[in-house]
Amino acid sequence: TDAPALLRALAAAAAHARSGHGTTSWTALPLALARLKLTHRPLALFAGGDKAWRHAPREREAIIRRYLKAIVKTADDGLELLAGLERFRTRCAAALAREARPGALRPLAPLLIDRPFVAPLAVADALGLTISGAGRLLVRAAALGLVHEITGRETWKLYLTSDLAFRYGFASRPRGRPPSPAPALAPLDDALARFDQEMAEVDAKLRTLGVLPQEDD
């Protein structure tokens, strides 16, 4: 058939839905979309089922329009999540650039990008810290605006990254311009090489003055 791949996938899922009473047709659709190269990988929440597949199969055009609108909405939502992830990355980079001693904040940042919802125990396990140390680290990250504590409890606290906390109403989004991207750090290789050369010159001068012993030949 010359029908677009997406319509062929929807037609196959609808036929499968009419042939049985289970949920396989709904759960198999993300896999079918991936196999047709419509998505890079199966996206479990990308497109749900439509009960009209089974109960009103003659409403084909209405089902397709409804389904396509749902896919567009989900895709737009995914793009917004991706933009939020980039904002969070920028916020982390700016916070680390401002900190004189970032310490464990450096490995915490990529951990939060991968796991935006964490508890001190999970951070402790991932970064090799004590639970109390991980708790203090998350408090520090919260003070920098990277995460928000969402339970309000004194113990068994849970933290959510800032953009997701704003998205789901756990915190209010700050007003004003977003932080500028952190300036790129200059490569250290040249600076370290110059430092080594200068230290070698100082050592040579001290040996000339007799302060340091001469090197053995």
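**Figure 1. Trp156 in the loop between strand S2 (147-149) and strand S3 (159-161)**. The model shown here and in the other views is predicted. Trp156 has a positive phi, near 50°, and is a residue other than glycine. Most residues other than glycine have a negative phi. The side chain belongs to an exposed residue: Trp156 has a relative accessible area of 73%, and residues over 50% count as exposed.

**Figure 2. Lys37 in the loop between helix H2 (24-35) and helix H3 (52-55)**. Lys37 is not a glycine, yet its phi is positive, at about 65°. The relative accessible area of Lys37 is 73%, so Lys37 is exposed.

**Figure 3. A nonpolar patch on the surface, formed by Leu79, Leu82, Leu85 and Ile113**. Together these four residues have about 360 Å² of accessible area. Helix H4 (residues 60-98) contributes three residues, the largest share of the patch. Leu82 is one of the patch residues and is found in helix H4. With a relative accessible area of 52%, Leu82 is exposed; the cut-off for this class is over 50%.

**Figure 4. The crossing of helix H5 (residues 105-114) and helix H6 (residues 120-127)**. The two axes come within 11 Å and cross at roughly 115°. The crossing of H5 and H6 is right-handed.

**Figure 5. Buried residues of helix H5**. Leu105, Leu108, Ala109, Leu111 and Leu112 are buried in H5. The buried residues of H5 pack against several other elements: the helices H4, H6 and H7 (131-143), and the strands S1 (117-118), S2 and S3.

**Figure 6. The whole chain, for orientation.** The secondary structure comes to nine helices and three strands. Read from the N terminus, the order of elements is α-α-α-α-α-β-α-α-β-β-α-α. The chain has 217 residues, of which 26% count as buried. Among contacts with a separation of 6 or more, 47% are between residues 24 or more positions apart. The chain exposes about 15300 Å², and carbon and sulfur atoms supply 58% of this area.

Conventions
Residues numbered from 1 in each chain as written. Predicted model: local features only at pLDDT ≥ 70, side-chain atom pairs only at ≥ 80, totals over all residues. Heavy atoms only, no water. Patch = residues over 30% accessible without salt bridge, like charges linked within 9 Å, V, L, I, M, F, W, Y side chains within 5 Å. Areas by Shrake-Rupley, 256 points an atom, 1.4 Å probe, with all protein chains shown as cover. Salt bridge = Lys/Arg side-chain N within 4 Å of Asp/Glu carboxyl O. Helix = DSSP H or I, 4+ residues; strand = E, 2+ residues; numbered from the N terminus. Buried < 20%, exposed > 50% of the residue type's maximum accessible area, 1.4 Å probe, protein only. Axes fitted to C-alpha atoms, helices over the stretch in contact; angles between N-to-C directions. Left-handed = near helix turned anticlockwise from the far one by under 90°. Contact = heavy atoms within 4.5 Å.
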